[in-house]
There are 2 protein chains.
Amino acid sequence: MPPERNHLILSVALNSTGSAARSWAAAGTKWNRFVDWNHYLRSAQLAHEGVFDIVFVSDHPALQRDNTSRPIHSFDPTVLFSAVAAAVPDIGFLLTASTSYNSPYNLARRLATLDHISGGRVIWNVVSSFNPDIAANFGAAPLPGRAERYRRADEFVQLVKDLWLSWDTPPDEPPDEQLWDAGTARRIDHRGEFFDVTGPLNVPIGPQGHPVISQAGASAAGIDLAAKHADIVYASLLHRTSAVDYRARLRDRALVHGRDPGDLRLLPGLTVILGETRAEAYRKHEALHGHRGEEGLIADFLHRNWATDLPAGLDPDKPLDPALFTWDEGQQRPVGFVKSFAELAAAEEITPRQLVRRVEGGHRLAVGTPHEVADTILDWWSSGAVDGFNIHIPVLPDGIAEFNRHVVPLLRAAGAVPTGYDGSTLRERLKLRDPRNPEPAPSRS
Amino acid sequence: MPPERNHLILSVALNSTGSAARSWAAAGTKWNRFVDWNHYLRSAQLAHEGVFDIVFVSDHPALQRDNTSRPIHSFDPTVLFSAVAAAVPDIGFLLTASTSYNSPYNLARRLATLDHISGGRVIWNVVSSFNPDIAANFGAAPLPGRAERYRRADEFVQLVKDLWLSWDTPPDEPPDEQLWDAGTARRIDHRGEFFDVTGPLNVPIGPQGHPVISQAGASAAGIDLAAKHADIVYASLLHRTSAVDYRARLRDRALVHGRDPGDLRLLPGLTVILGETRAEAYRKHEALHGHRGEEGLIADFLHRNWATDLPAGLDPDKPLDPALFTWDEGQQRPVGFVKSFAELAAAEEITPRQLVRRVEGGHRLAVGTPHEVADTILDWWSSGAVDGFNIHIPVLPDGIAEFNRHVVPLLRAAGAVPTGYDGSTLRERLKLRDPRNPEPAPSRS
């Protein structure tokens, strides 16, 4: 690998009882551990043992109910991660917060507080929220359209960055008599389309300048927001060609915004299901999702994608027509998942039976032996298509220990991941540009 | 004391570097420790060693700048206390959050998360915010008038309670196949003057039902809000007669709202400055506030209250006319502090020279030897005027250790405070009614 290249970035999602719908019912686990913060603490401790770079909690400020599935989002991520950050060193904390249902001052302040408490380890995953169930918890107004939500998101993120940078770094030496002078903290006097905020923030600038920004948009507006503001981009990418294309689109938009495309790290999601043999991993895959065999997985896939209007003559063993997956940029729901299906079906001839072993929970699936999983991870990374992965573990917390034991040694043997932590902040560790420093970072390309 | 009476409740404020304006500059301290979370952790650990019931962080989402004073409010209290709660057992966490500049769903969720993480130790101090500097960080609209803010606060608090109680207690035993049924979590479908929230909350009901509520209003609207919703009432009360009167007003309003007045705990603020002799304590008092002697304290008091229009002929050694302190219920700023001055001047003949040793930071001051301070604390409590005090410590964290060493043993010797913690939640410890239990608690009167 090129000498300046970063190690393979490993992030792991810590939501609820695990990524599998029936993870709440897994043998040997406590079903309601999603409301026990020690469950998240233990998961983060295991991720630290495996020298993961990042733990990730996505968010959705509404109760998601499905009679057989766990609630995916419960505790507020800023509050949860603060308790975890107090107990677990080194690792980064990536959390989702909405630009549609927060106020910029309060959110900037909570994230800055967490960045101080963690010693500069926070990543804010910017979402604009798409679900009418969320809107119904925040007033009588319906969810705005995507264009408005993204304009608001852009203004929100810029404003939050301005608040974070409204202080100079306070000196360690005590001032003489005056605690403040005019330059210590500055008003930002923001007057925009959506927000009026005077500032300054009441939290001084943090250990890594300000939290790292991440984004996961797949729509044109989402990619543009990511290219303008994000250091880390999450995405649902099911085929390497899609990853290469996506990276190219990001790069083009980053250049338009005057940024160095080498400053962006791309981390697609990857669901990992391990077995001693591939057959054992397949049985685990079926059981974790409440099915007795492969036919159940296939039926579930067909039901989720077409529900009542299953296309006539769709054969589980015949290649899928990419045109079966439709979306448009105007839809309220995210375009990423369905678009990634279409791209996969277009890139190779794939049957429903094959597809259910390639995708889980909307993300790329690696199901098999530790060597097969490690190869899947290393393949895209070695070719430079991606910078790492956000791993989805079916059953938390034990699935992380299993990954540490069986997969991490193979990644280390390949020289892809380090055996310990370096850098005192997340920006240092991921070689990200410090927002206080206008000098460009050394090029990575 | 009556057998059912609670112990003397001890709460301590942990804001910034301490309650003294020049606490940032105190010898042997780090001036910028207000942005080091270990500073708050250490303070909370010391409060735990002293078997305090509660640590308190008040809040103000705007930067308060005074060239010689520390910023009183910086870190977001929900995020800060989560890190501290992970590390310090038993003690309660009281934090201020505004009903004017939060959304009910987000705040209900953050407080519920913290209540789970802490095992049922959270108290929400409800404020409606009064400062135009805050309003300027949350939009172009000016601060609403008091009447509107309190109507909004009332609706906000009721709505947050409804969200907290939108779940039944989940059973420990795992469900069979279905994770949910219709009764597990319920929509609240709130449609009010200020808010529309569908619910349910996405955090299950917590270990103490829901967080304890506190309030500190001194205006008629504030007292009514406290009497309707609060379990704990903070207040600025400078004279015992005022405390007795205030309690009577609270009691009357509680009855109007159908509540048992015995369910309310009254905890006025008390600033404590200790010395081996009273003279030593007096010199400390002067130095902590940046003055070389008593004349400086007096000049500062006069300046703060009358600034440029000092009443002619005001003699530091002649009793103050209570009519010098004026307020009206329509003013934007809190009425509590100035009202308490007027009540003190009316209740006894007090000169400016005497008054500066009776009040500090708007709260009652106990300045003297440990015995004098302990007597001040025990006096009001023994007579039943109050249930305890919220102690303001001039220099954090060391002032708490000093209080533990010199004052706590005297309170223990008087049988007023326990030597350890009992009760698994804060409600149990303070004998507060559980909101899940409609049965009235045993009467305390």
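A:Arg283, A:Glu286, A:Glu294, A:Glu295, A:Asp317, A:Arg353 and A:Arg357 are linked in a network of salt bridges, a salt bridge being a side-chain nitrogen of Lys or Arg within 4 Å of a carboxyl oxygen of Asp or Glu. The model is predicted: local features need pLDDT of at least 70 and side-chain atom pairs count only at pLDDT 80 or more, while totals for chains, interfaces and linings use all residues. Residues are numbered from 1 along each chain as its sequence is written, chains are lettered from A and ligands numbered from 1 in the order in which they are written, and side-chain values use heavy atoms, with hydrogens and water left out.

Over all chains, a search of the whole structure finds 50 salt bridges. One of the pairs is A:Glu295 with A:Arg353, whose closest N and O atoms are 2.9 Å apart. This pair links distant parts of the chain, with A:Glu295 in helix α9 (residues 294-306) of chain A and A:Arg353 in helix α11 (residues 352-355) of chain A, 58 residues apart. Helices (H or I, at least four residues) and strands (E, at least two) are DSSP runs, numbered from the N terminus. A:Glu295 is partly exposed at a relative accessible area of 49%, and A:Arg353 is also partly exposed, at 21%. Buried denotes under 20% relative accessible area, exposed over 50%, and partly exposed in between (1.4 Å probe, protein chains only).

In chain B, the salt bridge between B:Asp154 and B:Lys228 has its closest N and O atoms 3.0 Å apart. B:Asp154 lies in helix α5 (residues 146-164) of chain B and B:Lys228 in helix α6 (residues 220-229) of chain B, so the pair ties together parts 74 residues apart in sequence. Relative accessibility is 24% for B:Asp154, which counts as partly exposed, and 30% for B:Lys228, likewise partly exposed. A salt bridge also joins the side chains of A:Asp196 and A:Arg191 (4.0 Å, N to O); A:Asp196 counts as buried at 19%.

B:Glu360, in strand β10 (residues 359-360) of chain B, is buried with a relative accessible area of 17%. Not counting residues up to four places away in sequence, B:Glu360 touches B:Thr271, B:His285, B:His289, B:Leu297 and B:Leu365, where contact means heavy atoms within 4.5 Å. The side chains of B:Glu360 and B:His285 make a polar contact (2.7 Å), defined as a pair of N or O atoms within 3.5 Å; within protein, one must be able to donate a hydrogen and the other to accept it, and residues adjacent in sequence count only if both atoms are side-chain atoms.
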